[in-house]
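Hi,

Here is the structure I said I would pass on. Have a look at it first, and then read my notes below.

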Amino acid sequence: MSTEESTPPGPAAPEPAPTTAPDAAHLAQLNSVRAELSRLEEIICAGHHPISSVTSTVTHSLSHSAERVHDAARQVHVPAWLRATRGESRWPVAGIVVVAIALQLALPDRLTLLSRWLMPSLEAALLLALIAANPTRLDRESAVLRAGSLTLTSLISLTNAWAAVVLATDLVAGRAGDEAGPLLSTGAAVWLTNIISFALWYWQFDRGGPAARAHARRRIPDFAFVQMQSPDLAHPDWEPGFVDYLYLSFTNATAFSPTDVMPLSRWAKLTMLVQSLVSLITVALVIARAVNVLK
């Protein structure tokens, strides 16, 4: 035996396949298969690339949804008192101020402040100046105009407060009210002027005043009107005007409490409290004295 160990022969390496060029028949079969695959792709995709088709469908759906949202947003109506408007007319306020001046001129001399013509003349001059500066729509924001308007309201309130105090003092002291007719007419003039003056205060300060309301500067109101609480029952373009504040003042002066308009801010509640107190004292004293005279 040989001393050299014989190693088992390993697996024979594969011989390389002979490189033969594909014949014409093989190429024809490959072309046929490729053509068939292309035809199937056309049938499945219907002549469109699948990604392009899906993208086009999603884009169209999103565009349609955006149009529907836009149409729905246009149908949502913002109430006029929450958006900028052209402002309310000057003339209802000017007319009621003229009525207040006439009521002051109708008072007896003993109830006038300083003289019969002084305060009414100042009020008329201020009113004419305000009309000349802003004659039509109250939408001009001006510190001078607002100061003039507040001064006019203050003069009317001061003159009427003086008349109410003097009338109440005379009635308590027994120096007035000998005749029922003049007493009732004087009491009515003071009471009506009280309604006008407080209506002007409500109108001047609710949500910053008429000019600020026209530009929608404040969204939180000081008075909650029925139309604000139930907008579906109001005209789409409704917003509070001077007539609404005049109605608020009248109902507060007659019922001595809020009716359908609720005060929300503290200043509104305190102002309504003062008006109710003045109205209650005036009406109680005048009616009590008139009844006593008639007996």
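**Starting at helix α5**

At the N-terminal end of α5, the S142 side chain puts an oxygen within 3.4 Å of the backbone nitrogen of V144. One thing to keep in mind as you read on: this is a predicted model. The helix itself covers residues 143–173, which makes 31 residues. From first C-alpha to last, α5 reaches 44 Å, close to the 45 Å expected at 1.5 Å a residue. After α5 comes G174, with a positive phi near 80°.

**The overall picture**

The protein has 10 helices and two strands. Going along the sequence, the order is α-α-α-α-α-α-α-β-α-α-β-α. Of its 295 residues, 35% are buried. If you take the contacts with a separation of 6 or more, 75% of them are between residues 24 or more positions apart.

**The core, and α3 in it**

The largest nonpolar core has 45 residues, and V97, L200 and F223 are the ones that touch the most other members. Two or more residues come from each of α3, α4, α5, α6, α9 and α10 (266–294). Which of them gives the most? That would be α6, with nine residues.

Leaving out residues up to four places away in sequence, V97 touches L127, L152, I156 and L200. V97 is also among the buried residues of α3, a list that includes V93, A94, I96 and A100 as well. Further along α3, I101, L103 and Q104 are buried too. The partners that these buried residues of α3 pack against are α4, α5, α6 and α9. As for its length, α3 has 15 residues and should span 21 Å at 1.5 Å a residue, which agrees with the 21 Å between its end C-alpha atoms.

L114 is not a glycine, yet its phi is positive, at about 70°. You will find L114 in the loop between α3 (91–105) and α4 (118–133). R207 is another residue other than glycine with a positive phi, near 55°. R207 is in the loop between α6 (180–205) and α7 (210–214).

Are these two buried or exposed? L114 has a relative accessible area of 71%, so with the cut-off for exposed at over 50% it counts as exposed. R207 has a relative accessible area of 2%, and because buried means under 20%, R207 is buried.

**A proline pair**

P231 is in the loop between α8 (226–229) and α9 (242–255). Its relative accessibility is 47%, so P231 counts as partly exposed, a class that runs between the 20% and 50% cut-offs.

**The largest pocket**

Last, the pocket. The largest one holds about 260 Å³ of space. Its lining has 18 residues, and those nearest the centre are R140, L145, R146, P210 and A211. Which helices each supply at least two residues of that lining? They are α5, α6 and α7, which brings us back to the helix these notes began with.

Cheers

How values were computed: Residues are numbered from 1 along each chain as its sequence is written. Side-chain values use heavy atoms; hydrogens and water are left out. Helices (H or I, at least four residues) and strands (E, at least two) are DSSP runs, numbered from the N terminus. The expected span of a helix is 1.5 Å times one less than its number of residues. A polar contact is a pair of N or O atoms within 3.5 Å; within protein, one must be able to donate a hydrogen and the other to accept it, and residues adjacent in sequence count only if both atoms are side-chain atoms. Buried means under 20% relative accessible area, exposed over 50%, partly exposed in between (1.4 Å probe, protein chains only). A nonpolar core is a set of buried Ala, Val, Leu, Ile, Met, Phe, Trp, Tyr and Cys residues joined through side-chain atoms within 4.5 Å. Contact means heavy atoms within 4.5 Å. On a 1 Å grid over the protein atoms alone, a cavity is a set of points where a 1.4 Å probe fits but cannot get out, and a pocket is an open set with protein on both sides within 12 Å along at least five of seven lines; lining residues have an atom within 4 Å of a point. Grid points are joined across faces, edges and corners, and a volume is the space filled by probe spheres set on the points.
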